[in-house]
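Please open the model in a viewer and keep the sequence at hand.

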Amino acid sequence: MDDEEFCLTSMKVVLKSLGINTELQVDFCIHGEEALNQVERTYENGMRYRIILTDFSMPVMDGIEATTRIRKFLQERGE
């Protein structure tokens, strides 16, 4: 997740160069609260993430707070 369009575009280019389909295999979020909500929805729908990347500085909720809350959510689910 990242709040800057340049960083999002760059990440998409890197992931595509690694053979990852960014349309089907990747979720991009603009801020930490959006990421937390996306993780909760994804896990509640029976799917899982293999990796979550965050940025330290984002609007609404920064990456550190988002990571803390995502970890808490996953621990509560026994993940």
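At what angle do helix α2 and helix α3 pack, and how far apart are their axes? Before answering, note that the model is a predicted one. Select residues 32-44 for α2 and residues 63-76 for α3; the two helices pack at an angle of about 20°, and their axes lie 9 Å apart. Because angles under 35 degrees count as roughly parallel, α2 is roughly parallel to α3. The crossing of these helices is right-handed.

Next, display the side chains of the contact between the two helices. On α2, select Gly-32, Leu-36, Val-39, Glu-40, Tyr-43 and Glu-44. On α3, the partners to select are Ala-66, Arg-69, Ile-70, Phe-73 and Leu-74. Colouring the contact of α2 with α3 by residue class will show seven nonpolar residues, one polar residue and three charged residues.

Now turn to the salt bridges, of which the structure holds four. Arg-69 and Glu-65 are about one helical turn apart, because four residues separate them in helix α3. Both are partly exposed: the relative accessible area is 39% for Arg-69 and 33% for Glu-65.

Remain on α3 and select Lys-72 and Glu-76. This pair also forms a salt bridge, its closest N and O atoms being 3.9 Å apart. Lys-72 and Glu-76 are again four residues apart in helix α3, about one turn of the helix. Glu-76 has a relative accessibility of 59% and therefore counts as exposed.

For the next stop, select Glu-79 and Arg-48. Here the closest N and O atoms of the salt bridge are 3.1 Å apart. Which parts of the chain does this pair link? Glu-79 belongs to the segment after α3, whereas Arg-48 belongs to the loop between α2 and α3; the pair thus joins distant parts of the chain, 31 residues apart. Glu-79 is partly exposed at 45% relative accessibility, and Arg-48 is partly exposed as well, with a relative accessible area of 41%.

Arg-48, Arg-77 and Glu-79 are linked in a network of salt bridges.

Key:
Residues are numbered from 1 along each chain as its sequence is written. This is a predicted model: local features need pLDDT of at least 70, side-chain atom pairs count only at pLDDT 80 or more; totals for chains, interfaces and linings use all residues. Side-chain values use heavy atoms; hydrogens and water are left out. Axes are lines fitted to C-alpha atoms, for helices over the stretch in contact, and angles run from 0 to 180 degrees between N-to-C directions. Angles under 35 degrees count as roughly parallel, over 145 as roughly antiparallel, 65 to 115 as roughly perpendicular and the rest as oblique. A crossing is left-handed if the near helix is turned anticlockwise from the far one by less than a right angle, and right-handed if clockwise. Contact means heavy atoms within 4.5 Å. Ala, Val, Leu, Ile, Met, Phe, Trp, Tyr, Cys and Pro count as nonpolar, Asp, Glu, Lys and Arg as charged, and the others, Gly among them, as polar. A salt bridge is a side-chain nitrogen of Lys or Arg within 4 Å of a carboxyl oxygen of Asp or Glu. Buried means under 20% relative accessible area, exposed over 50%, partly exposed in between (1.4 Å probe, protein chains only).
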